[in-house]
Structure formats: structure tokens, C-alpha cells
Amino acid sequence: MSMILGVLLGILSLALLWTLWGRMSHALQMLQQCHYMNDRFTTWIAGHRLVALPAPLSVLVIAYWALLVISFLFPLPSSVLSVGTIVIGILGLGMIKISSGVSKESKKPLKMTARVWRIVATGSIIMLLIAGLSSLFLNASGSILLSQITGWLLTFNLFAYLLMLLANQLNKPMENSIRLGFINDARRIIKGSPSLDVIGVTGSYGKTSTKHALNAILSEQFNTLMTPESYNTPMGITITIRNYLKPIHSKFIAEMGAYKVGEIKELCEIAYPKYGVLTSVGPQHLETYKTIDNVKRTKFELIEYLPQDGIGFINIDDENIRDYYETKFTGKCTVYTYGIEREADYRASDIVVSEKGTTFNVTFRDGSVHQFQTKLLGLHNIYNTVASIALGNELGIPVEKMQVAVRKMKPVTHRLELRRNGNFTIIDDAFNSNPVGSKMALEVLGQMNGKRIVLTPGMVDLGTAQFELNKAFGTYMKDTCDYVILVGKKQTEPIQEGLKEVGFDEDKITVAENLTEAFKVMYEVVEPGAFVLIENDLPELFAE
């Protein structure tokens, strides 16, 4: 009988080890999406307690340790402890399965980087030390030891997310040292490239699209390199420089993101930009920035960092950019403005949008006017393109070459990307969403001929302004779409309120629990010739 119990405990331990790895992996996935920032990860844990610290599993862990204490205080047969552990362990496996936050098809899967493996190693050492020392202290052996192994694995399953949080914190000094070494190497490479011009691109939104537009235009005349995907952090830029920058490159386009004051300046002190583009300043990441003034100051760190012979390009139509530039700007570089609505050094006008794309004129700062055509949709893409044309012109690229580049530009994946899907068209704007871009995306949808459907979970990471901005998003839908599909009942409450405020037909609104259900509804209501705007697709970090 004892051998059978031992085998069962062994099998149960292996099963709990497997679930422990699953929970650790999910914790690391969320930590990675939080950019390894423990304060953001702690906030995520607090908002997802049923996943990170499921109450039923807590009860079972307490029950196990109560059973273990009782078995030491009273002369119970070891088989009682073994059987009790098996029952509790099996129930624990069921609770872990029910409460799991791991999805089979992850939108932003965990990347098993060297840093992730270091966190795993530190976490494993912590668990081995805790379990090993307790076994030595209790002088456990035989079936009692097997029971303790099972019990500790069940306990570590409960605290997996907190263990990864602790391991990340313990690793910080080591990570900072490794990080500094890589950054210094990147600085050395940039300083050793005197013929290289670095172009920084920042803004609350529009960074990635502008980066791609710049690359398309500048590559007509220069050997260019841009940071891939959304590599806009210190390590993202460092990795790009160390792994991809070659002597043949004469222009390096670096996307620069930030979550708090000082982080753009930190990126500038890695890449040393000579040119800079500031696309927008808005209420993004207010949970870390706290105020819009901090956002303004941080984004302008790029333009204020540029050398005296450098050139900054700013979107003068953006109210926040205009306010800071006119009242607080202290930079020493030349600054050129671009826009659509206001007088600017480079201004777009006569914009005509259709299903095939957009045509527009650009008035250069010397007064000349040139026409451009692009497959891209949306005013924000015009802003991004005009900024790129302005920089291209200052670098001496002929207008004819820029016109060809603009005509060849392709949409950045999931950023107002037009895709045929059978007999209807999807306008894919799923990468991210913000107050400005979401409104412009609805305007694009409103210009289409056919049934117009919007599918969205709303916007996140907007701090205390999140409710009102999502409510406003709902009001914009009244005259731009015919049917609304919302994803997530709780997180879309502000949008629902906005729709109600403007009298949108309730029969033309569906609130789905998840994206799978939302797509089912989409296929039920879509018609031939219809257009479906997919606005935002939240990663697991923001799932309800």
C-alpha cells in the first residue's frame, strides 16, 4: 500500500511541477509585458487576484499545512498524511486548471530571453532553498518527504506570481550591471560611426508608423536602418545597434518610447540623435506619468537634446506640443513645424480619401507645392508622412524620389491596414488604440460606402482619464458606423454610456465577453460590401 501511495505522490508531484511551470511562464509573460517593472506587475497582480492568488487554492494550501502540523503533533500513520496530501493535491490541480490565466492562443507570447531564464533560475533557487531547508529542519524522509515535496509544489503554484516578482527584484543589481555593459557597447558603436546620422522618433502615438514612413522615404537615397517592431526601450535600441547596425548604414531611425520623465533623455544618451520627430503628446501611460505636463516634458526631451546643428520636426496641430513649444521649450536646435490645420513649415492640404488610398498636396517651407499619393488611410498617416517628407527634404532627397516612396508605402501591420475578407473588407487597426488615432479611424470608417461595423474593447492605460476618453470614443460612433460590437462587458461600460448619451440604436450594439464571441457576432451581422473596423486588440495584460 505504501509503495502505491509513493507512486501516486510521485505522479502528483510531476503534475504539480508541470502546472507550476505553466503559472511561472504566465507570470513571466505578464512581467515581460510590464517591461519588467515591478510596480506595474504588482498593479496587474492586484487586478487579477483570482488568477495570481486564487482563493480556493489558498484554502487547499492551508489545509495541507494544517494536516502536516497535525501529523507531527499527533502519532498518526504516515499513510494518513499521504492519502490526505493526494486528495488535496488532486483538488489543487483542479483549482489551478479552473483559475488559470494562460490562454492557448496568446496575443503577445512570452519571449524566452536570457533575462527570463535568469529570473527562472533565481526563482528556482528560492524554491529549492525554502523546500530544502524545511525538509532538513523537520528531518523528513520516506513518504513524509514525498508528501512535503507535493505540498511545497502545491504551495509554490499558489505563490508563483509573487515568486517571479521577488526573483525579478533580487536580479535587479545583476540586470542593471549587464544592461549598463550592453548600453556602453552601443554608445561606443555610435560614437565610432562619424558618418552616421541618427533620427529619433517619439510621441504618445504615431511613433511606429512615422518610423516606417521615414524609412520608406530615406531609403530611396540612403542606406537606412530602423529599430524593428516596437524596439523603443533602452535595451531595444541597444540590441538594434549591437546586432544590426553596420558601417554601410548612413541613417539610423530609432523609435523612442517612455513611461516616465527622463526616459527619452536616457535613450538619447544611447543613440545620440541629430534629428528628431515629435508626432503627438496625449494622455497615454498616465498611470506612470501622473500628469499631462509630465508627458509633454518627457516627449520634448528628444527635441531639446538635439545638437545646435540638428533639426527637430514637431506636429504644430497638436495642442499639447504647441503649448509646450510656445511657452517652455529650451532646445538649441532648429525646429520646423508640420501639420494640416495650422500654418506650418510643411503643411498638407487638399486631402482626398477613398477606398484606394489618399491623395494630398504638401506646401514646403519655400512655398513650393507638391502632390503625393499613398495607399494609406487616415489623417494620422498623413501627419506621419508629411513629417517624413519634411525630413527627407531637409536631407536633400529630390521630390520625385519622395513621391515614388510615398506611393509605394504599405500600411504597417495592424495599423489601419485594409484587407479583403471574402465579400467584405476589414480595416485592421488592432495594434494599439489611443484617443486621437481611434477618432481618426472612425472617421476613415465613416467615409466608406457600405455597412460600417466597429469591433473594439476600447482603450486602456489612460489613467484617471480612461473612463471619459472611452465615453467620448463611444459618442464618436454615432455618425461613423452602423453597428457596434464591444469586447468585454466591464471595460466597455464607458463606451456603452457614450453610445447611450448620443442615442445610438441599442439593437445595433452587441457586448461580447471575449474576442472569439465578438467575431461570431461580426460574421452574423456583416453584409457583402461591408467594412469592419477592428480598433485595438488588448494583450493579456489588460484582459478582464
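**Close-up 1. A salt bridge joins the side chains of Asp-197 and Lys-251.** In this predicted model, the N-to-O distance of the pair is 3.2 Å. Asp-197 belongs to strand β1 (residues 197–202) and Lys-251 to strand β3 (residues 251–255), so that distant parts of the chain, 54 residues apart, are linked. Asp-197 has a relative accessible area of 15% and is buried, because the cut-off for buried is under 20%. Lys-251 is likewise buried, at 6% relative accessibility. The salt bridge is one of 20 counted in the model.

**Close-up 2. Asp-482 and Arg-452 form a salt bridge.** The closest N and O atoms of the two residues lie 3.2 Å apart. Asp-482 is in the loop between α19 and β13 (483–487), and Arg-452 is in strand β12 (residues 452–456). The pair therefore ties together parts of the chain that are 30 residues apart in sequence. Asp-482 counts as partly exposed, with 28% relative accessibility, whereas Arg-452 counts as buried, with 15%.

**Close-up 3. Lys-471 and Glu-501 meet through their side chains in a salt bridge.** The N-to-O distance is 3.0 Å. Lys-471 sits in helix α19 and Glu-501 in helix α20 (residues 493–501), so this pair ties together parts 30 residues apart in sequence. Lys-471 is buried, at a relative accessible area of 15%. Glu-501 counts as exposed, at 54% relative accessibility.

**Close-up 4. Arg-115, Arg-118 and Glu-175 belong to a network of salt bridges.** The view shows these three linked residues.

**Close-up 5. Helix α11 packs with helix α12.** Helix α11 spans residues 234–244 and helix α12 spans residues 263–271. The angle between them is about 15°, and their axes are 10 Å apart. This angle makes α11 roughly parallel to α12, because angles under 35 degrees count as roughly parallel. The crossing of α11 past α12 is right-handed. On the α11 side, the contact is made by Pro-234, Ile-237, Thr-238 and Ile-241. On the α12 side, the residues are Glu-266, Leu-267, Ile-270 and Ala-271. Sorted by class, the contact of α11 with α12 holds six nonpolar residues, one polar and one charged.

**Close-up 6. Met-235 is placed in helix α11.** Met-235 counts as partly exposed, with 24% relative accessibility. Leaving aside residues up to four places away in sequence, Met-235 touches Arg-179 and Phe-182. Between Met-235 and Val-526 there are 291 residues of separation in sequence and 43 Å in space, taken from C-alpha to C-alpha.

**Close-up 7. The axes of helices α18 and α19 come within 10 Å.** Helix α18 covers residues 435–446, and helix α19 covers residues 466–476. The two axes cross at roughly 10°, and the helices are therefore roughly parallel to each other. From α18, Pro-435, Ser-438, Lys-439 and Leu-442 take part in the contact. They meet Leu-469, Phe-473 and Tyr-476 of α19. By class, this contact of α18 with α19 has five nonpolar residues, one polar and one charged. Helix α19 also holds Lys-471, the salt-bridge partner of Glu-501.

Methods
Residues numbered from 1 in each chain as written. Predicted model: local features only at pLDDT ≥ 70, side-chain atom pairs only at ≥ 80, totals over all residues. Heavy atoms only, no water. Axes fitted to C-alpha atoms, helices over the stretch in contact; angles between N-to-C directions. Helix = DSSP H or I, 4+ residues; strand = E, 2+ residues; numbered from the N terminus. Parallel < 35°, antiparallel > 145°, perpendicular 65-115°, else oblique. Left-handed = near helix turned anticlockwise from the far one by under 90°. Contact = heavy atoms within 4.5 Å. Nonpolar A, V, L, I, M, F, W, Y, C, P; charged D, E, K, R; others polar. Salt bridge = Lys/Arg side-chain N within 4 Å of Asp/Glu carboxyl O. Buried < 20%, exposed > 50% of the residue type's maximum accessible area, 1.4 Å probe, protein only.
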